[in-house]
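Hi,

Here is the structure I promised to pass on.

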Amino acid sequence: MLNVQHVSGGYADESVLKDISFQVKQGELFGILGPNGSGKTTLLKMISGILPIKQGEILIRGKRLQEYGIKQLAQMVAVLSQHSSQSFSYTVKETVSLGRYAHQKGWFQTWSKEDEDVVQRVMDQTGISSFQRKDIQELSGGEKQRVFLAQALAQEPEILLLDEPTNHLDLSYQKELLDLLKQWTMEKGLTVISIFHDLNLAGLYCDRLLLLEKGTININHIPNEVLQEDRIRDVYHTKIQKHPHPRVAAPQLVLLPEVERRKEIFEINEGMIWVSNEFIELQSPAPLRTMSSGVVGAGTGWHRTFVNRHVSKDYNCDDHRMEMAAFLKTKGFEPSETVGMMTAVVLEDVAYGRVKLDDFSVLVVVTAGIGNAIDASKSERHDLIHTPGTINTWVFVNGELTEEAFIQSIVTATEAKVKAMHDLKVMDKVTETIATGTSTDSILIAATQSGKVLEFAGTITPLGRLISKAVYQCTTEAIQKSQKRKH
């Protein structure tokens, strides 16, 4: 569809772009990235024919850009600039209708039913139909942006050029606009070439990305390759960290501020644990980085409140997450800041302890009921019924964990739990073999993310040794307390 071959140029006294070459296929959503002054807008203006080409060629459908007449080019390419302006006091519909100029024929241009249908359709698609009779000067910046987008779409182009299309749009319209553009590329074969300042939006919606640096191409590739931490740090000269999107296979970047929120120096310790017959609570002085399987606060996040709630053995609820959140609120806890678990265990049978080395420490808290102890290797012999009995394990690390260490901490804690059950000869009553856990076990790993950096947590690493020791001891003690109560 578009072929840019060794293009250099820009303004009369300066070649902003140097030897730029890339291709864009029909139906692609192609993103152009780069810091201010890298040549993004200049490139878009050269593709649209606004700025001259000093060297090289730009081909659209195999035909040189200079060979297109003005109307011919307008039928092929539509442009939405970053700072669209309207000097005349037109209505919204009149402004959008200007986009049909390229399709008007003859000396006496007439407005056809097709023109009307196209204008009405693009106004609906961009969400401006309800104020089509308003004067455009009365609109907000975001509303004007949508009007000019509709005007560009009314041209029914094969290529749509956009300079930061989400500029001035609120969050919901950013999503609606980009969802719409993506849909057009997939269903109608529209080719979209857009400048993005928001790298996350580019990574989420674009098929390919072109990263410019000082007027040259740094890389032209799929988003996951372009949005690499080291590359973006070098080009944009800022600290970022890459994370996967939680729902789709797309890279996302987060900024790392130079001046972080002041980190309090503190240690999670036994004195922070409070036990009642309703729940076990630990309140941290500051949010902790967490990875958990809690009823509330599952997954990864930052939390400062930790609750292990006692429920009756016949507890049953259609929506246990909502019920748990409601319970937390009645007790004065904010669910969004809380990791919450449930157990049928008598809470006074909790076991906890802290182990430490010179420069970091680990606090472990365990409640253990083994009424539905299960051998994981023979779990297919069990019915899918949650009977009473849960081992809930909290591991608090006074140190800074890597992502790898978080996951390894879960593995190490689980290994230690299984070993404790083996040594205590906890049996699976259905299979009459040694149990490895219960069907409703929960785990939490929480770290202060300050102090010593702990890169690994395998069983023989310094952190893994502390976790293994504390989880084994606390699990053993908690199970013994539970068994003694039954006898």
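Predicted model: local features only at pLDDT ≥ 70, side-chain atom pairs only at ≥ 80, totals over all residues.

The expected span here is 1.5 Å times one less than the number of residues; helices are DSSP runs of H or I with at least four residues, strands are runs of E with at least two, and both are numbered from the N terminus.

Residues are numbered from 1 along each chain as its sequence is written, and side-chain values use heavy atoms, with hydrogens and water left out.

Back to α4. Its buried residues are D115, V118, V119, V122 and M123 (buried is under 20% relative accessible area, exposed over 50%, partly exposed in between, with a 1.4 Å probe and protein chains only). Seen down the axis of α4, they fall within an arc of 125 degrees, so they line one face of the helix; the arc is taken from the directions from the helix axis to the C-beta atoms. K113, E114 and D124 are exposed on the other side of α4. The buried residues pack against α3 (92-97) and α5, where contact means heavy atoms within 4.5 Å. Just after α4, G127 has a positive phi of about 75 degrees.

V96 is in contact with V119, V122 and M123, among others, leaving aside its neighbours within four places in sequence. V96 is also one of the residues with the most contacts inside the largest nonpolar core, which has 46 residues. Helix α5 (residues 141-154) gives the most to this core, with seven residues. Such a core is a set of buried Ala, Val, Leu, Ile, Met, Phe, Trp, Tyr and Cys residues joined through side-chain atoms within 4.5 Å.

Another spot to check is N398, in strand β20 (residues 391-398). N398 is buried, with a relative accessible area of 8%. Its side chain makes a polar contact with the side chain of S361 at 2.8 Å, and a polar atom of that N398 side chain lies 2.7 Å from the backbone nitrogen of I268. A polar contact is a pair of N or O atoms within 3.5 Å; within protein, one must be able to donate a hydrogen and the other to accept it, and residues adjacent in sequence count only if both atoms are side-chain atoms.

Cheers
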